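Student: Pick one spot in this model and look at it closely for me. Then tie that spot to the rest of the chain.

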Amino acid sequence: MQKLKTNTTWFLLLLVITGNIFPACSNKKQNNSALTEKKIAVVISTLNNPWFVVLGESAAQRARELGYEAQIFDSQNNSAKEAEHFDNIIAMGYQAILFNPTDADGSVLNVKRAKAAGIPTFCMDREINSKDAAASQLLSDNFTGCVKLGEYFVKEMKQQGNYVEILGLVGDNNTWNRSSGFHSVVDEFPGLKMVAQQSADFDRNKAMDVMETIMQAQPEIDAVFCGNDAMALGAYQAVLAAGKADEIKVFGFDGSDDAINAIAEGKIAATVMQFPVLMARKSAEFADQQIRGEASFDSKMPVEVQLVTAENVSKYLKSN
């Protein structure tokens with residue numbers, strides 16, 4: 001009887017031990033499965049702008065079409081939040097990052113940390129100031145686009161008048177590439193005088209406030225050049241509220257649906273059409289190539305842009 005009791009005790013102990021071992025093995029298998037799951041992160045500077053919403057959603061959609069789980073992270077134009085996103089993405093074992101940076105210099109460290117963790121980053125629309133940190137940088141040709149816009153601006157202004165420039169984020173290279181392209185043309189005409197230049201961070205509401213303040217200090221304004229369409233629409237709201245919509249011409253950059261419609265309605269003079277869907281989808285395809293070991297793309301590639309004015313806006317209206 002004692003021997004039977006002892007054997008029974010050992011048998012029960014064995015059941016307890018194996019019962020603990022096998023669930024542990026099962027959990028380990030599940031964890032390993034999670035680590036090998038196909039995942040791509042999409043990190044966007046801000047989702048408080050319809051243009052960037054299109055960029056982020058297009059990137060995520062293409063990644064999903066290619067067989068990946070895709071999650072969009074909103075940095076809210078905050079470099080600290082962007083760094084936090086990268087920490088989480090690295091810890092969660094994503095295989096690639098489709099990235100719209102908040103800052104050309106400040107975002108470099110995040111990309112380098114991801115690279116060190118074996119996660120390649122693919123910049124969309126905005127660049128970082130590093131030649132080798134990102135796997136690729138697919139960017140609109142901002143300088144050339146604003147050369148075209150500057151030429152149209154000079155023509156519309158008849159080479160004469162006072163104008164305002166509303167800049168985007170000062171830490172974003174797009175801001176300065178657009179401004180430089182514009183000034184490379186406009187500064188050649190001494191009859192065109194810039195009476196104010198101020199940043200509104202690519203934000204519509206900030207641009208409205210900035211324009212209101214500038215108009216109070218500078219009552220004689222003939223035009224305003226804005227670094228993106230969101231700011232152009234905000235500036236137009238300020239101009240309209242001041243009863244000067246027929247006096248001040250507004251110029252933007254992006255080719256957003258709202259801006260295209262505003263051009264068709266005679267509210268905005270011109271914009272430059274970017275192609276966020278193209279940049280987003282191609283970046284997702286580059287990431288897929290890299291993950292599969294079949295990468296065949298350049299590290300930095302410009303994407304052609306197009307000038308949109310009242311003369312050709314009908315081609316860009318969605319109803320067509």
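Tutor: Lys158 is exposed, with a relative accessible area of 68%. Exposed means over 50%, buried under 20%, and partly exposed in between (1.4 Å probe, protein chains only). This is a predicted model: local features need pLDDT of at least 70, side-chain atom pairs count only at pLDDT 80 or more, and totals for chains, interfaces and linings use all residues. Residues are numbered from 1 along each chain as its sequence is written, and side-chain values use heavy atoms, without hydrogens or water.

Where does Lys158 sit? It is in the loop between helix 5 (142-157) and strand 6 (161-167). Helices (H or I, at least four residues) and strands (E, at least two) are DSSP runs, numbered from the N terminus. Look at the backbone of Lys158 next. Its phi is positive, at about 55 degrees, although the residue is not a glycine. Most residues other than glycine have a negative phi.

Is Asp254 buried or exposed? Asp254 is buried, because its relative accessible area is 5%. Lys158, at 68%, is exposed.

Now go to helix 3 and helix 4. Helix 3 covers residues 79-91 and helix 4 covers residues 108-116. They pack at an angle of about 5 degrees, with their axes 10 Å apart. Helix 3 and helix 4 are therefore roughly parallel to each other. That label needs an angle under 35 degrees; over 145 is roughly antiparallel, 65 to 115 roughly perpendicular, and the rest oblique. From helix 3, the residues that meet helix 4 are Glu82, Ala83, Phe86, Asp87 and Ile90. Their partners in helix 4 are Asn110, Val111, Arg113 and Ala114. By class, this contact has five nonpolar, one polar and three charged residues.

Take Asp87 in helix 3. At 40% relative accessibility, it counts as partly exposed. Asp87 and Arg113 are 26 residues apart along the chain, and their C-alpha atoms are separated by 8.7 Å.

Gln237 is partly exposed, with a relative accessible area of 31%. Asp209 is 28 residues away along the chain, yet the two C-alpha atoms are separated by 9.6 Å. Gln237 is in contact (heavy atoms within 4.5 Å) with Arg204 and Met208, leaving aside neighbours within four places in sequence.

Ile72 is on a strand instead. That is strand 2, residues 69-74. Ile72 counts as partly exposed, because its relative accessibility is 27%. Which residues does Ile72 touch, not counting those up to four places away in sequence? They are Val42, Ile44, Leu47, Gly56, Glu57 and Ala60. Leu98 is 26 residues from Ile72 in sequence and 9.3 Å away in space, C-alpha to C-alpha.

Step back to the whole chain. It has 10 helices and 12 strands. Of its 320 residues, 48% are buried. Count the contacts with a separation of 6 or more: residues 24 or more positions apart account for 73% of them. The chain exposes about 15,500 Å², and carbon and sulfur atoms supply 52% of that area.

Finish with the cysteines. How many disulfides does the structure hold? It holds zero, where a disulfide is a pair of cysteine sulfur atoms within 2.5 Å. Cys123 is buried, with a relative accessible area of 0%. Cys146 is buried too, and its relative accessible area is 0%.

Key:
Axes are lines fitted to C-alpha atoms, for helices over the stretch in contact, and angles run from 0 to 180 degrees between N-to-C directions. Ala, Val, Leu, Ile, Met, Phe, Trp, Tyr, Cys and Pro count as nonpolar, Asp, Glu, Lys and Arg as charged, and the others, Gly among them, as polar. Accessible areas come from the Shrake-Rupley method with a 1.4 Å probe; for residues, only the protein chains shown count as cover.
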